[in-house]
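This report is for a reader who meets the structure here for the first time. Please look over the sequence and the model before reading on.

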Amino acid sequence: MVKCQTIALTNGSLIWVSEYEFFEPSLTADDLPADGAPSMGTGRVGPMKKPSHPVALAPVTSPPHSVDGFVREFLHELNTDQGVALSRSSINDQYLALARTVRNYLMARWLETGRRYREENAKTVAYLSAEYLLGRQLGNALLATDLTEVARKALDGCGLNLTMLRSQEVEPGLGNGGLGRLAACFLDSLATMSVPCIGYGIRYEYGIFKQTFVDGRQVEQADTWLSLGMPWEFPHPEAAVQVNFGGSTEHYFDENGTERVRWLPAWNVMGVPYNYMVPGYQNGRVNTLRLWSATATKAFDLAIFNAGDYVEAVRSQTFAENITKVLYPEDSTPQGKELRLQQQYFFAACSLKNFIRDELGPNVDLHTLPDRVIFQLNDTHPVIAVPELVRILVDEHGWEFDDAWNTTKQCFAYTCHTLLPEALEVWPAELLSRLLPRHFEIICQINDTFLAQVRKAFPNDEARAQRMSIVTSGDHRQVRMAYLATVAGVKVNGVAELHSQLLRDKVLPDFSQLYPDRFTNVTNGVTPRRFIRLANPNLSTLITDAIGVGWLTDLERLQELEPYAEDPEFRSAFRKVKSANKQRLFDLLRVRDGIDLDGGHLLDVMVKRLHEYKRQSLKLLHIVTVYEQLITGKISPSEVTPRTYIFGAKAAPGYRIAKETIYLINQVAKKINSDPKVKGIMQVAFPANYNVMLAERLIPAADLSEQISLAGKEASGTGNMKFALNGALTIGTEDGANVEIRKLVGDEHFFLFGMREPEVEALISRGYTPHEYYEANQTLKAAIDLIASGHFSDGNKDAFTPIISNLLYEDRFLALADYQAYLDTQAKVSQYYLDEEAWTRSAILNVARCGFFSSDRAMRQYIEEIWGVRRVH
């Protein structure tokens, strides 16, 4: 028996001490199976080295960051939490024990961070986002605590491999793309900058979905990311929040004779918070991400169960849990629309109630709320929080509406992430008034107050008032959530220079005239800790060897690399890093997807959500064009720079044309990859289920980054930033953050093509007829005709009719209009890649000149220009 202590110190102060007694015999050769692997019950892990450390728990004599201390903590977690000895543990047991060991090193810092924030009454950023695409947590936690090498040595001593255990982690599928990954990057930066922040979101039980391909078609499967345990979350059912829905409202008089309104809900659910740690980079700060899970107020009816109706006995629990089952339920049906609104109100209501009740404490004067919090609305999904805060102040705290509205307007800021009209959420008034009757009343009251302001500012302009109304008129009234957010926000920001300009001038022009100082720009950014240091360790080492440490928290220092672009030895080292990254990617795809890729090719990558405006179809037309010219002899193999094309994309389950595009890409890949005429010249790969883990392998390997959305349609993009920071050159349109990337890296290091936004608008105004481009361009016609001929579908000429028809007769995002410019620019790419030294020089300069795109810089802008919060040191 050994008595052990677990001690956590912060700034030399004792935070907590726990003692436990534990029996663990020293591991001997007899404890190991003959193959040296621990038993897994249903299988074995192996081979596993015999431990060099004795694996009995030792008394606490070594410092917390020592190898021996880590071994002790790891074995303690394995034994007490997993209930197994090392010799009998599975890989999942070992991963969970390792994750909890690292988590424990963060615990004292987390508790101390919260204490300091509360002690100083620090103004907090409450970041409301429907998505958080977190990625794997273990590697980030090891980096944040500077424990990577300690953990590696400790596990080596136990006969285990850190890389293998890290690969066991299943990343949470809590986001769909850039929006969710941006939210995760921002939380990382705020923790690293010691800024008080709580991220609020939804704990989707099955995430977005797991993408598989069956006969080339996307098939959605439940993403069971919780099935093997989630060691990074802390459930707190005792802090659950009741959330009401439906019913009606009634007027009554309070004890002072004041007329009030009372909401009489028809049903409710409970929101249970699950806390996640968000560690700053080696600064002792750990912020919180709080995700909400829905459960029934009364989960189980024993009387009904005993009566034999087993389904009805748990109906309320099933109904409640549906709210947080999946991200973005398919909303082409009325039921789907209602479920989405339930989701949005559920997490907004939980988050506001939690912050006011649990973060502020019981005796805080809510008139000081603007000094204590800023609720950042990450797109329109959480905008229902605006009337919810008014409701809390008026109905629960007895405020007058005007006071409540004036306070509310100081507590919210709104980030718009789109320019697409269909993405600016609107809700049918019938649905909103039925599901949230009190909130609809409040929205109408806000709208009346706002329109009075509009009419005063613009007298005799009723048409303007109707254009700006939050609630539309007519038989089928709609509630425009972006308008509500704009009216309520202290600031409204776009996420790239062009996007913010178009937001002011095209999307919300009436509002920008009324509130000219309310609109601003904060160009997006990405965290270099995950997307350079973790994703590209070899490049990180090369950078540090060149310019020293410190750049991970001051990314503008990358400009110190510029002189190295002229150094032949550095260029050679840079190419070796890129080559190693390609091999690492190829190894992963071989194991993960059964995809074998050739080395030595230009690696041409397009990874992003599948949507028409992102124009995966244009990329595909380029591939088919090159293929068609090769097999018909129009060009010889010697005229083609060998390329491997890689796609990564998910399509929304109800987005038919996007799913048809995925099918076409897969069928083109199947044909090209099996055609001996193009062997060694071109390959096409589309690994399924693109996620953060795959991004961390794919982005560092890429040579060419495809950012080819129609000008004026992409808000910003963050993939473009990640690729450039990892040494890929960009081929792109004048859209989103491409504009700023090109300005920073220089025209000669960016492959620009296509119409500018004014040219796009002019073409649409004149009348765009895509079929005319098809008839006028024989190269384009040959590519489309090859697709239509059945060449990629075993002779079935109807297989791709929806795609062909869409391109020739609709083409909403002008792919055919930009086709020839894209083709011409791709020819320049191929020629430039042949000059190895010039290409490498451009790649290095892309890295050196893109330090601006750090999420740390973006957060500084939010802090200084929008939020008015301060760091707590």
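This is a predicted model: local features need pLDDT of at least 70, side-chain atom pairs count only at pLDDT 80 or more; totals for chains, interfaces and linings use all residues.

Residues are numbered from 1 along each chain as its sequence is written, and side-chain values use heavy atoms, with hydrogens and water left out.

**Salt bridges**

The structure holds 52 salt bridges, each a side-chain nitrogen of Lys or Arg within 4 Å of a carboxyl oxygen of Asp or Glu. Three of them are listed here.

| Pair | Closest N to O |
|---|---|
| Arg203 and Glu233 | 2.8 Å |
| Arg260 and Asp254 | 3.2 Å |

Arg203 lies in the loop between strands S4 (197-202) and S5 (210-214), and its partner Glu233, 30 residues apart, is in strand S7 (residues 233-235). Strands are DSSP runs of E with at least two residues, helices runs of H or I with at least four, numbered from the N terminus. Both Arg203 and Glu233 are buried (under 20% relative accessible area with a 1.4 Å probe, protein chains only; exposed is over 50%, partly exposed in between).

Glu205 is partly exposed, at 27% relative accessible area. Arg260 and Asp254 are both buried.

**Helix H31**

In helix H31 (residues 801-809), the buried residues are Ile803, Ile804, Asn806, Leu807 and Leu808. These buried residues pack against helices including H23 (616-631) and H32 (815-833). After H31 comes Asp811, with a positive phi near 45°.

How values were computed. Contact means heavy atoms within 4.5 Å.
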